[in-house]
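Try each task before you read its solution.

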Amino acid sequence: MNTRPSTDQIILDCRRELLEVILPDVASDHVRVSVQMLENVLRNVATRAAHEIAWMHDETAALEAYARDVAAAFPGDDALASALQALDDGPRQSLHLEDVTETYSRAGEALSCALEAAVRAGHEPLSQRAVALLCARNERELEIKGEWTMVGRT
Amino acid sequence: MKDVASMGERLGHFLATREEGRTAIVERYAPMTGGYSRLMAKADIRWDDGTVETLVLRGDPPAGESMLDTDRDMEWEVLQGLTQLGTVPMPAARYYDATGEHLGTKCIVLDCTPGPSLQSALEAADDILVHRNALIDGLAAVHAVPIDELASCLPRPASWDAYLDERIALWAQTEGMLAESNPIMRYVGAWLDAHRPPPMDLVLCHGDFQSPNALIHPEAGLQLIDWEYAHIGDPREDLGWYLVVSEATPPSMYSPDPGAFLARYRERTGSDEVHVNEATIGYFSMVAMVKIFAGIILGASAMARGTNASLLTTFNLNAIAIGHMNCLGACGALAEPLAALREMAQSLEVQR
């Protein structure tokens with residue numbers, strides 16, 4: 001298969017074509033707003049194409065480690081045990097995007113159950129660890145977002 | 001409503017059914033940009049007595065194309081009630097095609113406000129604060145509406161706690177409907193439940209109080225539009241939502257001086273500083289966020305499941321990232337101030 005230019009490069013080139021060739025010839029305000037939205041979506045998608053499998057893979061490991069620590073601290077939590085079992089049963093060895101996404105979602109559910117157990121028990125160190133994981137997750141979301149404003153709302 | 005070629009004639013027929021003995025010619029019909037959830041259009045009308053006016057149409061998009069689904073019947077009932085009451089600055093609600101029989105979709109027809117949106121005015125203004133008092137006073141007028149005189153279709157919570165329980169539960173309920181897990185939503189729900197502020201009386205909330213949803217009429221001044229999220233709730237929800245949206249799409253009239261913004265609101269509503277302050281508004285920014293946040297994030301899940309194909313849905317995925325960031329920041333900053341306010345409110349209660 002051809003890999004150069006990479007997927008993110010191709011997407012960014014489509015974005016350039018949209019902005020430099022198509023948009024100047026669009027007269028309708030309604031369509032111009034759509035084109036501006038598409039431009040933004042393409043930038044987001046390019047960043048995801050370049051990094052999302054690695055990012056989900058790395059984060060899944062961190063979420064699982066936290067959830068297993070909480071499970072060890074609160075061994076009677078059925079929801080957490082069940083979420084960890086579901087993670088174990090997931091398609092963990094595959095690098096296909098659909099499988100990585102599914103595994104990441106199962107790890108997210110394990111994190112949710114774990115943080116709820118920690119907050120419910122008033123366990124401050126485990127609660128703070130959960131917050132740190134959530135902040136790291138959000139940093140990636142913001143990196144994907146890049147520059148963004150509500151096009152067409154004025 | 002998107003079929004410009006046929007809409008003029010359809011609208012003319014519709015108006016004739018609503019105004020007995022009058023007929024109207026639609027001289028111009030054009031779709032509008034700016035509404036993110038509804039189809040919007042503007043129409044220039046000439047009545048048979050020679051009077052001319054411009055009307056705004058606000059209708060439901062076709063099934064599967066809507067990013068946010070809301071109830072047009074309820075919105076119409078609220079708009080009609082507020083138009084009759086006459087105390088809230090807003091364009092009058094005129095007609096409603098409740099079945100879509102005439103206009104192709106459920107559609108509300110309103111007076112057109114001839115003026116820019118507040119958002120446009122702020123972006124062009126040298127001093128944005130010249131509009132601040134008008135915006136706050138408009139909101140105070142909404143919160144002063146006697147809710148017993150409002151549309152019966154608006155749900156009435158049994159108590160403040162019941163109302164807040166329901167609002168907080170939306171975080172976990174929404175997360176449960178998603179196509180993927182969202183641990184930040186689960187955390188926010190748990191946090192809100194553990195950090196409740198002192199309660200206030202429930203009022204009519206606009207539900208989407210933000211600068212793009214206010215227009216500047218050259219004579220009548222500020223007019224509030226887009227009432228699809230109106231509901232009975234805590235008044236701080238509207239203030240909290242304004243904080244969220246104005247931070248995401250500046251300029252904000254709150255952030256330069258929150259103290260002055262809230263002092264004006266307290267002055268116009270008779271509320272006090274224990275209840276209306278930066279910490280409680282921060283708390284309610286998260287409470288308020290869930291309903292519209294849910295619309296966006298559920299739209300994304302619908303797209304993942306193949307039942308929604310809107311460009312707006314994809315575009316607004318970024319709003320989720322901003323919402324997450326705001327919520328995490330607020331949880332970290334507000335825990336201690338809210339605990340202090342609860343203690344203060346309790347000691348005031350004991351003194352009384």
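**Exercise 1: A pair of helices**

At what angle do helix 6 and helix 11 of chain B pack, and how far apart are their axes?

*Solution.* Keep in mind that this is a predicted model. Start with the two stretches: helix 6 of chain B covers residues 183–194, and helix 11 of chain B covers residues 317–351. Their axes are 10 Å apart and meet at an angle of about 10°. Angles under 35 degrees count as roughly parallel, so helix 6 of chain B is roughly parallel to helix 11 of chain B.

Next, look at who makes the contact. Helix 6 of chain B contributes Ile184(B), Tyr187(B), Val188(B), Trp191(B) and Ala194(B). From helix 11 of chain B come several residues, including His324(B), Cys327(B), Leu328(B), Leu334(B) and Arg342(B). Sorted by class, this helix contact has twelve nonpolar, one polar and one charged residues.

**Exercise 2: Where the chains meet**

Describe the interface of chain A and chain B, going from its area to its individual pairs.

*Solution.* Begin with area: chain A and chain B bury about 3100 Å² between them, with 65% of it on carbon and sulfur atoms. Then count residues: 35 from chain A and 35 from chain B take part in the contact.

Now turn to the pairs. There are two salt bridges between chain A and chain B. In a salt bridge between the chains, the side chains of Arg186(B) and Glu116(A) meet at 2.6 Å, N to O.

Finally, locate the side of chain A that touches chain B. The elements giving two or more residues to this side are helix 2 (29–73), helix 4 (97–120) and helix 5 (124–145) of chain A. Its classes are 16 nonpolar, eleven polar and eight charged residues.

**Exercise 3: Backbone exceptions**

Find the cis peptide bonds described here and a residue with positive phi, and place each one.

*Solution.* Recall the background: most residues other than glycine have a negative phi, and most peptide bonds are trans.

1. The bond from Arg4(A) to Pro5(A) is cis, with omega near 5°. Pro5(A) lies in the segment before helix 1 (7–22) of chain A.
2. The bond from Pro250(B) to Pro251(B) is cis, with omega near 5°. Pro251(B) lies in the loop between helix 7 (236–248) and helix 8 (258–269) of chain B. Leaving aside neighbours within four places in sequence, Pro250(B) is in contact with Gln119(B) and Glu123(B).
3. Asp226(B) is not a glycine, yet its phi is positive, about 60°. Look for Asp226(B) in the loop between strand 8 (221–224) and strand 9 (231–233) of chain B.

How values were computed
Residues numbered from 1 in each chain as written. Chains lettered and ligands numbered in written order. Predicted model: local features only at pLDDT ≥ 70, side-chain atom pairs only at ≥ 80, totals over all residues. Heavy atoms only, no water. Axes fitted to C-alpha atoms, helices over the stretch in contact; angles between N-to-C directions. Helix = DSSP H or I, 4+ residues; strand = E, 2+ residues; numbered from the N terminus. Parallel < 35°, antiparallel > 145°, perpendicular 65-115°, else oblique. Contact = heavy atoms within 4.5 Å. Nonpolar A, V, L, I, M, F, W, Y, C, P; charged D, E, K, R; others polar. Buried area = accessible area lost by both parts, 1.4 Å probe. Salt bridge = Lys/Arg side-chain N within 4 Å of Asp/Glu carboxyl O.
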